[in-house]
Amino acid sequence: MKVLATISILGALAAASPALAQTASPAGSEPINAALEWIQGTLLGNLATTAAVIAVAVVGFLMLTGRIEWRRGLTVVIGCFIIFGAAAIVAGIRSVASGLR
């Protein structure tokens with residue numbers, strides 16, 4: 001559970017990094033931007049997508065056989081949606097925040 005929360009936070013940060021890099025890029029920040037883009041590529045790449053599909057399938061099977069609680073199983077599925085939808089979530093928050101100014 002804590003690992004999933006940590007991964008979703010890292011995913012949100014990684015998804016936000018290109019958007020932040022476009023608005024303000026202080027001198028010497030290129031290595032940090034490159035590192036965040038690498039993290040984003042790792043968290044949202046083919047390997048991560050495959051791992052998420054396998055995780056959802058295994059958790060779904062465990063929920064259907066009664067070996068895991070539905071609540072815990074749904075947290076895995078929701079966590080996957082948050083990780084892969086982080087870019088859209090951040091874009092929505094930024095558009096709402098820019099409308100409040």
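Helices (H or I, at least four residues) and strands (E, at least two) are DSSP runs, numbered from the N terminus. The model is predicted: local features need pLDDT of at least 70, side-chain atom pairs count only at pLDDT 80 or more, and totals for chains, interfaces and linings use all residues. Residue numbers start from 1 along each chain as its sequence is written, and side-chain values use heavy atoms, with hydrogens and water left out.

**View 1. Leu-74 in helix α4.** Leu-74 sits in α4. Its relative accessibility is 42%, so Leu-74 counts as partly exposed (buried is under 20% relative accessible area, exposed over 50%, partly exposed in between; 1.4 Å probe, protein chains only).

**View 2. A nonpolar patch on the surface.** Leu-74, Ile-78, Ile-82, Ile-89 and Ile-93 make up the patch. Together they have about 440 Å² of accessible area (Shrake-Rupley method, 1.4 Å probe; for residues, only the protein chains shown count as cover). Patch residues have over 30% relative accessible area and no salt bridge; nonpolar side chains (Val, Leu, Ile, Met, Phe, Trp, Tyr) are joined within 5 Å, like charges within 9 Å. A salt bridge is a side-chain nitrogen of Lys or Arg within 4 Å of a carboxyl oxygen of Asp or Glu.

**View 3. Helices α4 and α5 at the patch.** α4 spans 70–84 and α5 spans 86–99. Each supplies at least two patch residues. The largest share, three residues, comes from α4.

View 4. The protein chain has five helices and zero strands. Of its 101 residues, 24% count as buried. Its accessible surface comes to about 7100 Å², with 72% belonging to carbon and sulfur atoms.
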